[in-house]
Amino acid sequence: MDRRAFGLGAMATLSVSACASASPRFLTYEGPEVTSMVINKGARKLYLLHNERILKEYSVKLGFAPNGTKTKRGDGRTPEGSYLIDRRNPNSRYHLSLGISYPNSQDIAQAKAAGVDPGGDIFIHGEPKSRSEVKRAKKTPDWTAGCIAVKNEEIEEIYAMVNRGTLITVRP
């Protein structure tokens, strides 16, 4: 085999394998509309609902200080209350993510009264991509900075099923 043919073959092989692992899968969903989501922090469960009917249930990981609601940036708590899914990020530093509209006006008012920054950037996301974060996540049951984490296969399903504007209620 001449060098040119070998080089072209090697490049094609590397290109195909890089494409296969570089991006998350985007599933499609054609079932009943997800009208709301409920997170039960105590049970570590996320429920996708169509009106009153549970469509899917997932186990979740929470912020590293899971008890109580988020009150300020860096407290490691997952917020409690009613929010909306306000953004979708296919290029997250975790495997896909859906943004939660925290802080809402009530969260901002409480933080202002306490003289603290309420924080932000709360997401439902998959597992970390970086090795150091993967190690940290495996060491403790609740490892996020306040987000809600699920397995990669599960965030792919959730990402396909949930639209922007979907109501999410986070309960203690």
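Lysine 70 touches Asp75, Gly76, Arg77, Thr78, Pro79, Tyr102, Pro118, Ile122 and Ala145, leaving aside residues up to four places away in sequence, where contact means heavy atoms within 4.5 Å. The model is a predicted one, in which local features need pLDDT of at least 70 and side-chain atom pairs count only at pLDDT 80 or more, while totals for chains, interfaces and linings use all residues. Residues are numbered from 1 along each chain as its sequence is written, and side-chain values use heavy atoms, with hydrogens and water left out.

Lysine 70 belongs to the loop between strand 3 (53-59) and strand 4 (81-89), strands being DSSP runs of E with at least two residues and helices runs of H or I with at least four, numbered from the N terminus. With a relative accessible area of 7%, lysine 70 is buried, a word used for values under 20% (1.4 Å probe, protein chains only). The side chains of lysine 70 and aspartate 75 are joined by a polar contact of 3.0 Å, that is, a pair of N or O atoms within 3.5 Å, of which, within protein, one must be able to donate a hydrogen and the other to accept it, and residues adjacent in sequence count only if both atoms are side-chain atoms.

Turning to strand 6 and helix 3, strand 6 gives the most to the lining of the largest pocket, with three residues, whereas helix 3 provides the largest share of the lining of the second largest pocket, also three residues. A pocket is an open set of points on a 1 Å grid over the protein atoms alone, where a 1.4 Å probe fits, with protein on both sides within 12 Å along at least five of seven lines, and lining residues have an atom within 4 Å of a point.

Conventions. Buried means under 20% relative accessible area, exposed over 50%, partly exposed in between (1.4 Å probe, protein chains only).
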